[in-house]
Amino acid sequence: MKDYYDILGVQRNASSDDIKRAFRKLAHQHHPDKEGGDAEKFKELNRAYQTLGDEKKRAQYDQVGHSTYEQMSSSGGGPGAGGFGGFDFSGFRGGNAQGFDFGDIFGDIFGGGRSGRQAEKRGRHIEMDLPLTFEEAAFGVSRNIGPHRTVTCPDCEGTGAEKGTALKSCTECSGSGQIRTVQQTVIGNFQTMRVCPRCQGDGKLPEKPCHTCSGGGVVRRSKNVEVSIPAGIGDGEVLRVAGEGEAVKGGRSGDLYLTVRMRRHPKFERNGFDVYSEEKISFPQAALGTKIDVNTLDGDVSLKIPVGTQSGTVMRLKSKGVPFLKRTGRGDHYVTVHVVVPTKLTRQQRKSLEGWDD
Ligand SMILES: [Zn+2]
Ligand SMILES: [Zn+2]
């Protein structure tokens, strides 16, 4: 189970500044108003930050541990209260039913008259690294990705029943899809409704299970998906491919999350959408001025070196940088010019330099 530190991607000994920075970055990335945003992930981030961003709550969290803390929070008056009407069932995530991600276990805490929300079955999300070259990240690329995952069974189309056979009511839960249990926690006993492990909440079971998926409705396959990576994507950014995570019987598939890992370029560095590179020029070129060819994302571009250029001068090639992500325009390419002082001189060069007193 992911704890709050995992969610924010920080070490347990991270400083409060580190935590704040990590939260801001991720919250920005997953904000639901943003294209490619993810409300569920955003909520998770907020919950983690509500606790880790507060010294007192963080200390308490570290002391009692993740699951106990979340149970305390779910009581309504606890430290990190929030979420569903003051209750938060996320602490009970990840039960015994396979292929579930969240919402599989839901509760009617203390029997307080609040009926559990309908569990939404959701397949697991998949996270993968996406290695890209400098140029691929700059200009975008199309990739065929085939993660090994559960996909809807092609033979029974996910019903779990052998072709031509029917479904019958589940005996374990009498067809309701839910089982009531009493849980003991540090704050007392409470009842929870959980998804029936036998029928996984469907209330129905196949009369004769499908021979391909043994009734599970899903099979493990590596299925390819064409992902179009937008121009301007940066290292560490996460792309969400909706519905390409793991399939689950009777529910929505999870999503596929791809984290961009940009390879280093031999000549270029990147900062935001700007590209940086360095060029060497000779002392006479710097003193007299010249034109040099500079390698850019668009190939070689001529750069004018003005008369009397100093070593370390930064010159800008406008709009030769990385295309902006999801909007028109491009960053710039900055060239730092280094003047090379010769280490060997011909007799004539030496003479002309010696005759030069300034
Ligand atoms: Zn099947
Ligand atoms: Zn059942």
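The following legends describe close-up views of a predicted model of a protein chain.

**Figure 1. Overview of the protein chain in the predicted model.** Eight helices and 18 strands make up the secondary structure listed for the protein chain. Of its 358 residues, 29% are buried. Where contacting residues stand at least 6 apart in sequence, 60% of the contacts join residues at least 24 apart.

**Figure 2. The four cysteines of the annotated binding site.** An unreviewed UniProt entry lists Cys-170, Cys-173, Cys-196 and Cys-199 under "binding site". These residues span 30 residues in sequence, yet no two of their C-alpha atoms are more than 9.1 Å apart, so they gather at one spot.

**Figure 3. Surroundings of Cys-170.** Cys-170 lies in the loop between β5 (167-169) and β6 (178-185). Residues up to four places away in sequence being set aside, Cys-170 touches Gly-175, Cys-196, Arg-198, Cys-199, Gly-203, Lys-204 and Leu-205.

**Figure 4. Surroundings of Cys-199.** The loop between β7 (188-195) and β8 (204-206) holds Cys-199. Cys-199 counts as buried, because it has 26 C-beta neighbours inside 10 Å and the cut-off is 20 or more. Apart from neighbours within four places in sequence, its contacts are Cys-170, Glu-172, Cys-173, Gly-177, Lys-204 and Leu-205.

Key
Residues are numbered from 1 along each chain as its sequence is written. Chains are lettered from A and ligands numbered from 1 in the order in which they are written. This is a predicted model: local features need pLDDT of at least 70, side-chain atom pairs count only at pLDDT 80 or more; totals for chains, interfaces and linings use all residues. Helices (H or I, at least four residues) and strands (E, at least two) are DSSP runs, numbered from the N terminus. A residue is buried if 20 or more other C-beta atoms lie within 10 Å of its own, exposed if 12 or fewer, and partly exposed in between; C-beta atoms are placed from the backbone. Two residues are in contact if their C-beta atoms, placed from the backbone, lie within 7 Å. UniProt positions are given in the numbering used here, feature names are shortened, and annotations may be inferred rather than shown by experiment.
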